[in-house]
Amino acid sequence: MLQTVCVSSPGSWALREPDCHHDGKQASRKCGFVRTIIQHPCLRHDPKGPGKARMLKKIQICLCFFFVSGILYEISLLAGCFFSYMPMSKHFLTPEQVLNLGKSIIFLETTERLEPPPLVSCSVESAARIYQDRPIILFMKGLTNNTALDLDSSYAAFSLLSSMKNVFIFPLQMETVFQGTPLLQWYNQVVPEQEKNWVHVSSDASRLALIWKYGGIYMDTDVISIRPIPEESFLAAQKSQFSSNGIFGFPAHHKFIWDCMENFVLKYNGNIWGNQGPFLMTRMLKAICNLTDFKGTEDHSCQNISFLNPQRFYPIPYPAWGRYYKVWDKSPNFNHSYALHLWNFMNHNRKAVVAGSNTLAEKLYKAYCPTTYEDLIQNAELRDFTRSENTT
């Protein structure tokens with residue numbers, strides 16, 4: 001990125017950073033500040049003696065060195081301009097400060113797991129690459145403020161993800177998340193230890209509260225992003241007349257999400273898997289829209305909510321989830337998709353991406369989360385080396 005130098009007055013230079021574009025609408029923001037460097041008058045040769053002239057020459061060289069160093073430092077700051085609207089180092093930002101920047105991509109981990117597996121890492125990395133001008137946030141229930149200080153040294157995946165400029169990893173504090181929503185009373189009354197599907201139910205609730213409060217897009221941690229979603233208010237059809245809740249997006253304080261939270265509490269039944277998830281989204285959408293079957297790759301729209309075709313995220317339906325882990329004669333191009341849901345709930349972690357297997361999932365890792373894939377290869381090589389050492 002180039003820096004323009006403008007003459008502002010005799011004896012001074014104004015160094016101004018260029019505009020940065022942060023969204024698809026090309027709304028430009030200033031990169032932050034204007035530096036003014038005083039141009040020192042040129043030091044002339046003094047006829048009194050060569051010794052003094054040499055000393056003045058050295059002073060002049062030093063001043064030039066500092067001037068050039070200052071310019072190079074400013075240019076180095078511009079290298080991170082795409083996310084320069086953040087007021088300070090990302091490591092000192094709170095969840096609220098990041099979420100208030102707007103248009104976040106939100107992921108949730110509601111187990112106590114602290115080491116994100118490769119599919120989670122791939123999902124977050126792919127989103128960070130596709131949405132470079134938006135904050136990507138991974139909330140983790142097992143993470144506390146005490147463990148947050150030791151992430152880079154303790155967990156390889158944290159180091160991988162936190163090295164990306166727009167990725168943030170925060171503790172998931174549900175009581176705070178549910179404040180100011182209909183879900184808080186439910187949360188205070190429910191007994192997690194007695195809930196059959198607590199990991200899923202708590203995730204269903206948290207995603208609704210976060211999107212209602214701050215807006216943005218929620219994605220499951222088994223969703224690989226392949227191109228930007230052009231919609232702001234949308235639900236993803238898993239099949240005709242049936243909505244998923246694995247990926248959806250709305251602006252903050254949208255009435256539909258508030259109504260979903262109220263229905264979540266009113267119709268709560270934790271014993272039925274999905275009752276607070278895809279079944280909730282489907283019954284709320286059917287209450288306001290006359291849903292019909294999809295034809296081709298068309299999307300539907302109702303009351304300013306886009307109901308996106310199953311091809312957008314579910315081109316491989318859940319009964320065929322295993323095809324992601326098969327070798328294809330000719331890989332599909334997914335030209336009509338924005339992201340791909342890999343159905344990890346159906347998989348139950350039985351199948352994984354294996355380096356060199358040439359499966360469809362491996363090809364997706366290579367294309368959309370290459371850093372995760374590279375880490376996967378290194379870990380495989382390390383395991384092979386350790387195994388060979390132990391057998392000799």
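Residues are numbered from 1 along each chain as its sequence is written. In this predicted model, local features need pLDDT of at least 70, side-chain atom pairs count only at pLDDT 80 or more, and totals for chains, interfaces and linings use all residues, while side-chain values use heavy atoms, without hydrogens and water.

**Exercise 1.** Find how helix 9 and helix 10 are oriented to each other.

Let's start with what to look for. Two packed helices are described by the angle between their axes and the distance between the axes.

Step 1: Locate helix 9 at residues 255-266 and helix 10 at residues 278-288. (Helices are DSSP runs of H or I with at least four residues, and strands are runs of E with at least two, numbered from the N terminus.)

Step 2: Read off the geometry: an angle of about 120°, with the axes 10 Å apart. (Axes are lines fitted to C-alpha atoms over the stretch in contact, and angles run from 0 to 180 degrees between N-to-C directions.)

Step 3: Classify the pair. Angles under 35 degrees count as roughly parallel, over 145 as roughly antiparallel, 65 to 115 as roughly perpendicular and the rest as oblique. Helix 9 and helix 10 are therefore oblique to each other.

**Exercise 2.** Decide whether Q241 counts as buried, partly exposed or exposed.

Step 1: Find Q241 in the loop between strand 11 (234-239) and strand 12 (242-250).

Step 2: Apply the cut-offs: buried is under 20% relative accessible area, exposed over 50%, partly exposed in between (1.4 Å probe, protein chains only). Q241 has 29% relative accessibility, so Q241 counts as partly exposed.
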